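Hi everyone, thanks for making time for this. Let me put the structure up on the screen, and then we'll walk through it together.

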Amino acid sequence: MYVCSCFGITEEQVREHAAAGACTPRQIASASKAGTDCGSCVRRIQGILGRGECPRRTALDRGEPPLTAQPTPAPAASSAVAA
Ligand code: FES
C-alpha cells in the first residue's frame, strides 16, 4: 500500500529504509523523497517508524555520542624525505 502517493513510496519501502538505519521522517525523505512534496504522508511515515529501534536514538538515550563516521588514523609520517 502506498504511503506517499506523490512519489509512489510504499509502506514496505519505508520499512526497508528504516531497517537500513533511517529513524526519522526526514531521514526517510533523504532516502526516498517521501514527504518532500505535499507533506501529507509525513504523519503516516512517523506512525510506521513509531518508537522502534533506532541505533542513533538508542545511543543518545544512553548518553553515548551519536553515531558518526570514525576518524581515519593519520598516515604514518615518512622519515624519508626526498631531496
Ligand atoms: S504524499 Fe508524500 S509528499 Fe505527498
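This is a predicted model: local features need pLDDT of at least 70, side-chain atom pairs count only at pLDDT 80 or more; totals for chains, interfaces and linings use all residues.

Residue numbers start from 1 along each chain as its sequence is written.

The protein has four helices and two strands, and from the N terminus on the order is β-β-α-α-α-α. These elements are DSSP runs numbered from the N terminus: H or I with at least four residues for helices, E with at least two for strands. As for contacts, two residues are in contact if their C-beta atoms, placed from the backbone, lie within 7 Å. Take the contacts between residues at least 6 apart in sequence: 41% of them join residues at least 24 apart.

Now for the helix pairs. Helix 1, residues 11–19, and helix 3, residues 42–49, have axes that come within 10 Å and cross at roughly 55 degrees. That angle makes helix 1 oblique to helix 3. The axes are lines fitted to C-alpha atoms, for helices over the stretch in contact, with angles running from 0 to 180 degrees between N-to-C directions. Under 35 degrees counts as roughly parallel, over 145 as roughly antiparallel, 65 to 115 as roughly perpendicular, and the rest as oblique. Who makes the contact? On helix 1 we have E11, V14, R15 and A18, and on helix 3 we have I45, I48 and L49. By class, that contact of helix 1 with helix 3 has five nonpolar, no polar and two charged residues. The classes are Ala, Val, Leu, Ile, Met, Phe, Trp, Tyr, Cys and Pro as nonpolar, Asp, Glu, Lys and Arg as charged, and the others, Gly among them, as polar.

What about helix 1 and helix 2? Their axes also come within 10 Å, crossing at roughly 105 degrees, and the two helices are therefore roughly perpendicular to each other. Here Q13, V14 and H17 of helix 1 meet I28, A31 and S32 of helix 2. This contact of helix 1 with helix 2 has three nonpolar, three polar and no charged residues.

Staying with helix 2, residues 25–32: which of its residues are buried? They are P25, I28, A29 and S32. Seen down the axis of helix 2, these buried residues fall within an arc of 100 degrees, so they line one face of the helix; the arc is that of the directions from the helix axis to the C-beta atoms. They pack against strand 2 (9–10), helix 1 and helix 3.

K33 is partly exposed, with 14 other C-beta atoms within 10 Å.

One last stop: Y2, in strand 1 (residues 2–4). Not counting residues up to four places away in sequence, Y2 touches G8, I9 and T10. The C-alpha atoms of Y2 and C41, 39 residues apart along the chain, are separated by 9.6 Å.

Technical notes
A residue is buried if 20 or more other C-beta atoms lie within 10 Å of its own, exposed if 12 or fewer, and partly exposed in between; C-beta atoms are placed from the backbone.
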